[in-house]
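Hi,

Here is the structure I promised to pass on.

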Amino acid sequence: MNAAKLSPGAHAVLGLLSREPTSGYELGSLAERTIGHFWPITRAHIYAELGRLEDAGLVTATEVSQHGRPDKRVYAITEAGERVLDDWLASADLGDERRRNPLLLKVFFGDRMSPERLAGLLAAQRARCEANRARYAAVVAELEDDPSAVMRRATALYGVRCAESQLAWLDEVEPLIAPAVREA
């Protein structure tokens, strides 16, 4: 199967499986802890992708019995899956980036809400950004001396810079609405 025919979510699943074989449930937990900070993917999407990838021969599944629990399927990437993942990683095409940002949607229509409500939304976003910056900075510091974690550290550093960028935007926007809040 050609890498271009797979969705970005399928490539994300292949990438996670390239680290180690795992069950769909565990894959969802791994995604939440790692790529979920910049590439959210639901367990339902993961299971759907695993089925498609298995049908395409890019992953295999093995039934593993568990004592006192239902059996689970452990997925592993195949050699064909590794080739598809490597081809995708080597490709210059990043695809279109489309983000959904509920805050920006509300700010866009902010003239329909009270200035106090808009100021409250911005304050809540500031708190989230400050918490994100601190969380990602802690990851960057934790991985600083680990040469095997350079790429994970680089990804966390991107999170720090995104949070800083959002905070800089808030620094510019909050004064714009401050006069409207004082007038209300």
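Let's start with Glu-142, which sits in helix H6, the helix that covers residues 115-143. Bear in mind throughout that this is a predicted model. Glu-142 counts as exposed, because its relative accessibility is 64% and the cut-off for exposed is over 50%. If you want a sense of distance, compare Glu-142 with Ala-56: they are 86 residues apart along the chain, and their C-alpha atoms are separated by 38 Å.

Next, the aromatics. The structure holds 1 aromatic pair. The partners are Phe-108 and Phe-109, with ring centres 5.0 Å apart and planes at 90°, so this is an edge-to-face pair. Phe-108 is exposed, at a relative accessible area of 64%, while Phe-109 comes out as partly exposed at 43%.

Leu-105 belongs to helix H5, residues 102-108, and with 53% relative accessibility it counts as exposed.

There is a charged patch to look at too. Which residues gather in the patch of negative charge on the surface? They are Glu-79, Glu-82, Asp-86 and Asp-87. Of these, Asp-87 can be found in helix H4, which spans residues 79-90.

Cheers

Methods:
Residues numbered from 1 in each chain as written. Predicted model: local features only at pLDDT ≥ 70, side-chain atom pairs only at ≥ 80, totals over all residues. Heavy atoms only, no water. Patch = residues over 30% accessible without salt bridge, like charges linked within 9 Å, V, L, I, M, F, W, Y side chains within 5 Å. Areas by Shrake-Rupley, 256 points an atom, 1.4 Å probe, with all protein chains shown as cover. Salt bridge = Lys/Arg side-chain N within 4 Å of Asp/Glu carboxyl O. Lys, Arg positive; Asp, Glu negative; His and termini not counted. Charge placed at Lys NZ, Arg CZ, Asp CG, Glu CD. Helix = DSSP H or I, 4+ residues; strand = E, 2+ residues; numbered from the N terminus. Phe/Tyr/Trp six-rings, centres within 6.5 Å; stacked < 30°, edge-to-face > 60°. Buried < 20%, exposed > 50% of the residue type's maximum accessible area, 1.4 Å probe, protein only.
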